[in-house]
Amino acid sequence: MSNPEKIPNDFPASIRVAECVPVDLLRVFYGGIVTGGIAGVVVEAALYPIDTIKTRLQAVHGEGKIILKGLYSGLAGNLAGVLLASSLFVGVYEPTKQKLLETFPENFGALAPLIAGVIGGAVSSILRVPTEVVKQRMQTCQFASASDCVRVILAKEGIKGLYTGYGSFLLRDLPFDAIQFCLYEQLRLGYKLAAKRDLNDAENAIIGAFAGAITGAVSTPLDVIKTRLMVQGSANQYNGICDCALTIMREEGKHTLWKGIGPRVLWIGIGGSIFFGVLEKTKQLFEQGSQKSTNSERD
């Protein structure tokens, strides 16, 4: 795909003008924080039970049964972490993408969301990993409350306990973020150019669902490894990413690395639909509010 900033001459004038407006990176950063936080919280609250089922499927060894009670375990405490992490991710992703689009030649425009996704994921991992560790230990019924979980982890494992599985998280999420956002941006751009108009909310949501489902499916083995490392606690059953993968395949079979693919694809597919739908709508409302504020100041 070509650079999104380059719009054909026969494209509707209103859209061509909008795409050519100089980018205020600071405003884009603030907008990303607001829109990312809202979108992240909406997805987490709506789909948490599916995520819990996925986590329990991946955490159980062999053919053990999973518990279907307490599917909202850890939701309240997790929402705060998701709010901050999603805000930081989109707050970094959006201005980084815009800056890269200005810098790259037209033929390399597709790399902008790819690289921006990696950078956004790396920065937000500082918050996302502790949030994920606490969430997954709550989901596997190891603790009664998020505060107890944090307290016990710090007491038994130290601060590094909150970053258990950090390497596996980056191994899963950096490619995931890069591919999902790049796929979404390119599909959205192609559809927009073909239709010669802005996309509506339903179209953004459908493209987001497709991008999320595809990316979620192919990254399932990495997600299984990340889950096993994060929920093992102080037992240290696995000694790193490679040992975890080899142990799982040796003791439980290669098919175990695909555990939870159904709930994961469903969760991230629906989540992508909601996230990108809410994200684009919130960005639109934020943009309209900023324009009204600017016009009022001029008047």
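1. A cavity here is a set of grid points where a 1.4 Å probe fits but cannot get out. In this predicted model, the count by that rule comes to one cavity of 30 Å³ or more. Helix H2 (25-59), helix H3 (75-103), H4, H6 and helix H10 (261-298) are the elements that give two or more residues to the lining of the largest cavity.

2. The volume of the largest cavity is about 640 Å³. Its lining consists of 27 residues, and those nearest the centre are Glu44, Ser86, Arg128, Phe176 and Trp267. Sorted by class, this lining has twelve nonpolar, seven polar and eight charged residues.

3. The second largest pocket has a volume of about 260 Å³. It is lined by 16 residues, with Glu157, Lys160, Thr164, Gln232 and Asn236 closest to its centre. Four nonpolar, ten polar and two charged residues make up the lining of this pocket. Helix H6 (residues 166-195) contributes the most to it, namely three residues.

4. Serine 124 sits in helix H4 (residues 111-139). Its relative accessibility is 0%, so serine 124 counts as buried, the cut-off being under 20%. A polar atom of the serine 124 side chain lies 3.4 Å from the backbone oxygen of glycine 121. With neighbours within four places in sequence left aside, serine 124 is in contact with Ala85, Leu88 and Phe89.

5. Two backbone angles deserve a look. Most residues other than glycine have a negative phi. Cysteine 141, which is not a glycine, has a positive phi of about 60°. Lysine 196 is also a residue other than glycine with a positive phi, in this case near 55°.

6. Where do these two residues lie? Cysteine 141 is in the loop between H4 and helix H5 (146-157), and lysine 196 is in the loop between H6 and helix H7 (201-218).

7. Leucine 101 belongs to helix H3. Leucine 101 is buried because its relative accessible area is 6%, and the limit for buried is under 20%. Along the chain, leucine 101 and alanine 112 are eleven residues apart, while 5.9 Å separates their C-alpha atoms.

8. The length of H7 can be checked directly. The expected span is 1.5 Å times one less than the number of residues. H7 has 18 residues and so should span 26 Å; the C-alpha atoms at its ends are 26 Å apart, which agrees.

9. Asparagine 200 caps the N-terminal end of H7, with a side-chain oxygen 3.2 Å from the backbone nitrogen of alanine 202. The buried residues of H7 are Glu203, Asn204, Ala205, Ile207, Gly208, Ala211, Gly212, Thr215 and Gly216.

Notes
Residues are numbered from 1 along each chain as its sequence is written. This is a predicted model: local features need pLDDT of at least 70, side-chain atom pairs count only at pLDDT 80 or more; totals for chains, interfaces and linings use all residues. Side-chain values use heavy atoms; hydrogens and water are left out. On a 1 Å grid over the protein atoms alone, a cavity is a set of points where a 1.4 Å probe fits but cannot get out, and a pocket is an open set with protein on both sides within 12 Å along at least five of seven lines; lining residues have an atom within 4 Å of a point. Grid points are joined across faces, edges and corners, and a volume is the space filled by probe spheres set on the points. Helices (H or I, at least four residues) and strands (E, at least two) are DSSP runs, numbered from the N terminus. Ala, Val, Leu, Ile, Met, Phe, Trp, Tyr, Cys and Pro count as nonpolar, Asp, Glu, Lys and Arg as charged, and the others, Gly among them, as polar. Buried means under 20% relative accessible area, exposed over 50%, partly exposed in between (1.4 Å probe, protein chains only). A polar contact is a pair of N or O atoms within 3.5 Å; within protein, one must be able to donate a hydrogen and the other to accept it, and residues adjacent in sequence count only if both atoms are side-chain atoms. Contact means heavy atoms within 4.5 Å.
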